[in-house]
Amino acid sequence: ERYSHVTAVGYSCVVFGWMTIVSQLHPQGHINMFGILPLPVNVAPFGSLIFTSLVVPQASFVGHLAGIIVGYLISWGMFSWLDDTLTWNLLLGITIGGLVSAKQSNMLPSWLDRLITLSARSREPVTSRISANGVIVRSSAPSGAGMRGDNLV
């Protein structure tokens, strides 16, 4: 119920993912929490998760845990099948999907909403006709009307 109205997540889940990847690359190291508690690097992501949950109770426990899980998957090579082309296509698809979702939920910044609206208007069909005095008159076709040859005079 608490997460049903959340529309954005902070960047900290990515930081937890990177922390996990680093802990897997250098598992022998230690981190001193507050200078007094030596913590093995491979336990640090979970220690940070617990610490963050205690200090900032409204922080997303699920988001941070997801970052840790994805960090382990990346460090174990589970995403090595992604090549550059597929990655860029996925990124493009996610970006377009996010923009469409934000547009439908009226969450787009006003400048981006105006840009998309202007872009859509520029693709509207335009009809042309020659007036009685020989001047070419152009006008936007009413919605539903297309560019057909019989619209031109």
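**Close-up views of a predicted model**

**View 1. Contacts across the whole protein.** Take contacts (heavy atoms within 4.5 Å) between residues at least 6 apart in sequence: 39% of them join residues at least 24 apart. This is a predicted model, where local features need pLDDT of at least 70, side-chain atom pairs count only at pLDDT 80 or more, and totals for chains, interfaces and linings use all residues. Residues are numbered from 1 along each chain as its sequence is written, and side-chain values use heavy atoms, leaving out hydrogens and water. The protein has five helices and four strands. Helices (H or I, at least four residues) and strands (E, at least two) are DSSP runs, numbered from the N terminus. Their pattern along the sequence is α-β-β-α-α-α-α-β-β.

**View 2. Helices H1 and H2.** The axes of H1 (residues 12-25) and H2 (residues 44-55) come within 9 Å and cross at roughly 150°. Axes are lines fitted to C-alpha atoms, for helices over the stretch in contact; angles run from 0 to 180 degrees between N-to-C directions. H1 is therefore roughly antiparallel to H2 (an angle over 145 degrees). H1 brings Phe16, Met19, Thr20 and Ser23 to the contact, and H2 brings Ala44, Pro45, Ser48, Leu49 and Thr52.

**View 3. Ile94 on helix H4.** Ile94 lies in helix H4. Why does Ile94 count as exposed? Its relative accessible area is 62%, and exposed means over 50% (1.4 Å probe, protein chains only).

**View 4. Buried residues.** Of the protein's 153 residues, 18% count as buried, meaning under 20% relative accessible area.

Terms used:
Parallel < 35°, antiparallel > 145°, perpendicular 65-115°, else oblique.
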